[in-house]
Amino acid sequence: MAQDNRTQPKRKWPRWVGLALALLILIYSAFGFLVVPWWLERQLPEQAQRHLGWQTQTRDISANPFTLSVTVTGFSATDSAGEVVARAEKFHLNVSFLQLFLAQIGIDEFLLDEPYLRLEIGPEGNLNILADWRNNSPQAADAGQSKGGDSGSGENGPGESSEGSSGAFPLVIENAQITAGKILLRDRRGETTQEFQISPIAFDLSGVATFENSGDAGRYYLSATLGDDQKLIWQGDISLMPFRSSGDFELQNLAADALWHFVGRDTPYDWRQGRIDYKSNYQFSDTEQLQLDDGELSIRNSEVFISATSNDQPALQVDQLEAQGLSFDLSRMRLQVGSISAADWSLLLRRAEDGTLNWAADAEDDGSEGDESDSGSDNDETSFSWQVEQVALESGVLNWRDRALSEPAEIQLDQIELELTDLTGDPDSPVGIALQVTGSDKGTGQLNGEFTLSPFTLESSVQLSDVSLANYQAYLNEAVNLELAAGTLDFDGTVSLDDQKPKLTGSIEGTLSADAVQTQLVELESPFLSWTSLRLNPLRVQLEPLTVDIPEIRWTGPEFTYVRLPDGKNSVSRVTADDEEGETASAETETAGADGDGNDTVGFALRIQRLGLESAAIVIDDRSIEGGFQTRIHNLSGELLALGNQKPQRAEVRLEGDVAEQGSLVLEGTIGALGQNDTSVLDLVGDNIAIPPLTPYVARYLGYKVESGRLALDLDYTIVGDQLDGSNDVVLHDFRLGENVDSPQAVDAPVQLGLALLRDRSGTISVELPVNGSLSDPSFNFSEVILSTFSGLVARAATAPFSLLGNLVNIGGSDEDLGNTGFAPGSAELPAKENEELQALTEALNERPAISLQFRGVSAPDWDGPALVLAERGVSLPAEGLGPLIDKLESLLVELEGESALESQVRARDTDAGPRRSSPEWAQTLLRQLVGEESPEPGALRQLAEDRAAAIERALVDNGIDPGRLSREAVRTSGEVEQGRVMVPLEPGSR
């Protein structure tokens, strides 16, 4: 019995242990299956409300204490506004028993099915979840207070883990998945709320541990879809201790506006349309930081606008852009791109009324901020650098719109090909450039070379071909009133530029030509200047100091049309946009052009070694004269040598050409420095120029049309600055006037007589006409000056014919010398002196065969009557003048009546001997005293007049004049007496 009692306890112990274990399992099961879900159902809403202000609910929470798993289904959370902020159809967490025994937290399975998260960015950029936490959680308030204290006063410095944290359980994640996830992102920072839905989201993570030496790196895979077809794929290896990751990153069909909404909102531009593909390999670690390799970027159908409010044409359009070989090293802050290519692109450049460019005006930053940024970058240990090996842009279009002009300009360049090589962030590193424009309707161009940005330099070859000048009409309008109706430009040369601030230095050299150019005055709709070909071979331009050197210019077919307007101005004065401003500017330029020593200074140097003209023409169109006048100087050919604007350079010129149909012209001389107050001497010889076309001028100044005639010119001009001073030797051959024309400006003189007086034996009129004036004066008209001077000469010849005739035989004097023949009173005998003058007159008339001579016999009764009485007594009177006549009469009176008779008459006249010898009245007194009441026989005075006319005619004929040129008219007995002589007037006429 005793033995039985000793063995009984041994049998019951395992049972109690089993019961205890069963009880523990029961309690553990009850706690796991019942208490944990119950506790979670109460803690989740309480904690969500306490820390976030959210209302949460779940459809079911279950736990399995044996598999260490928790499953939550039907979870949803609403914020204080009652809107769902988070939701998940299922959340499942399974912790590994084995890892717990290894003192590790191991998650065998983490599953989040159909999660939903609403993220909102507020007007000030705050995130809704963070805002809810800050507004509700006590920990947020505590964090804010501790943040204001001394964060570095603890034992652990910034970035160091506390002892407690270092002793936390290591974490191992065997498998984590998110399926069918969805994120609704709302951005309330703009005027309108933008929404982005990212769905579905899939995420897989496996084999990740938070401690070192945990084995192979884990794997992850993340994919997300934005909208219908925009995808993000991110996959690779990952290790947390130490942290490193490598893999692939890819964006597929990402909408540019969605990306730009976040990365470009601080820029003035709006990337409104486009699709983006990007993929690359990457490596990321806590030591190497981030490195991207073998990146590829593709952008399709891209449209960029200057601003979000723009609704017109995009500022930039690119159908296809590709970038290959992208790599980025964060530790070295270096970006490298192998190549960038773009096809079918267009760029819109606009200049506003204030001169700002569309791409630059809205992108200007505050200057002070820029300065701070620049100064801060100097302290960075590693600055950002980048390099692009090649940029190739194909099939491009550049649209240039310039509204800063009085008339907006629009220029479009098509088929632009641009290639840049070796682009870097170093501004002084040379960049290769190859630019080609092949738009056939506007010309083609090529540029090949290299440039640097800072300082700006350019070394390149440039070729331009068939560039249409009419495209740049708006810019020409800013300076002149000319319309470029046609013309093309070609250039083949080199350009070398170097920005030596503040001046740009360098040179331009090459062959420049402009062909088939036609310009016309906009206001008058009249041709101005055109030519067939203009070639500068070569053109050499030095920028600093500005020097233009041209060894040779060949100008073929230039035609200049000079129009004189009804208001007296000319077409040249209408070329400038504003006549008054132009005149003022010209005056200011002239004033500024002279220094204190009176020497001219020019801002640049111009040298043309040879300027050759071929088939040049000048058209003169004078609309200021009634009936109008047009003529053409053409076939002008020749050359100018050593033309320039620097003293003492003086150019030699020789040109030959034709005038109208049969005339010829030769110009020779020297031209002073252009634009300076220098002297030019020119000799212009013209021959066989038809005069009838000059009828409008002749009619205006002479009052007659031109019937026939040819003109020869020898013009010697001296031009100092713009002042012209010259002489014109003008020869008129066979010049004949036609019918009379009424003209208020015609000379009031017998024009035909004047011309006859000027016409020599051969019918030629040869005159010398001075001319002077200011060439810069729009009212100066060379033709009018010449004809006005000529008409004045004709008038003077007609009104003072005998002065001209006297000059022909070198007698000179006044009209009295040849225009009158004096006779002694009572005599018809021609005095010797008068006979000599008639001989001279005959010589002069023989030099002017177109002149006839009219005269009539004349007697003066008061003088000739007493003289005839004395003649019957045998007394003849002298013809030497009044003095000798009075002496003769006084001596005759003394002889006949005694000295007392003379003294009595003298006392009666109260005069002395001097004045009385020059007094016609005294001579008359003496004649009456001598003859008393006696008078000549009737008819004696008329006969005396007839005898005097016969004596003159006989003398002229004897001296050699053709009697047919003489015309005797009826006598007159009321002639004039001058200095004691009876004067017979002679009147010239035209035959």
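Which residue in β31 is the bridge partner of G669? The legends below open with that pairing.

**Figure 1. Strands β30, β31 and β32 of a predicted model**. In β31, L682 is the bridge partner of G669. Strand β30 (residues 663–671) pairs with strand β31 (residues 679–690) in the antiparallel sense, over seven bridges. On β31, antiparallel pairing also joins strand β32 (residues 704–720), here over 10 bridges; G686 has L713 in β32 as its bridge partner. Two strands are said to pair if DSSP finds at least two bridges between them. Helices (H or I, at least four residues) and strands (E, at least two) are DSSP runs, numbered from the N terminus. This is a predicted model, in which local features need pLDDT of at least 70 and side-chain atom pairs count only at pLDDT 80 or more, while totals for chains, interfaces and linings use all residues. Residues are numbered from 1 along each chain as its sequence is written, and side-chain values use heavy atoms, with hydrogens and water left out.

**Figure 2. The protein chain as a whole.** The chain has 22 helices and 39 strands. Of its 991 residues, 40% count as buried (under 20% relative accessible area; exposed is over 50% and partly exposed in between, with a 1.4 Å probe and protein chains only). Among contacts (heavy atoms within 4.5 Å) between residues at least 6 apart in sequence, 60% join residues at least 24 apart. The chain exposes about 52800 Å², of which carbon and sulfur atoms supply 51%; accessible areas come from the Shrake-Rupley method with a 1.4 Å probe, and for residues only the protein chains shown count as cover.

**Figure 3. Helix α17 and its packing partners**. Helix α17 (residues 861–872) has 12 residues and reaches 16 Å from its first C-alpha to its last, close to the 16 Å expected at 1.5 Å a residue (1.5 Å times one less than the number of residues). Its buried residues are W863, D864, G865, P866, A867, L868, V869 and L870. These buried residues pack against α18 (882–897), α21 (920–931), α22 (940–958), β38 (976–978) and β39 (981–990). G874, which follows the helix, has a positive phi near 90°.

Figure 4. Leaving aside residues up to four places away in sequence, T56 touches L44, P45, A48, F75, S76 and A77.

**Figure 5. Two cis peptide bonds**. Most peptide bonds are trans. A cis bond, with omega about -5°, joins S199 and P200, and P200 has its place in strand β8 (residues 194–209). The bond from E544 to P545 is likewise cis, with omega near -5°; P545 is in the loop between β23 (526–542) and β24 (547–550).

**Figure 6. D294 and N301 in strand β13**. Most residues other than glycine have a negative phi. D294, although not a glycine, has a positive phi of about 55°. D294 is found in β13 (residues 289–305) and is exposed, with a relative accessible area of 56%. N301, also not a glycine, has a positive phi of about 50°; N301 lies in β13 and is partly exposed, at 46% relative accessibility.
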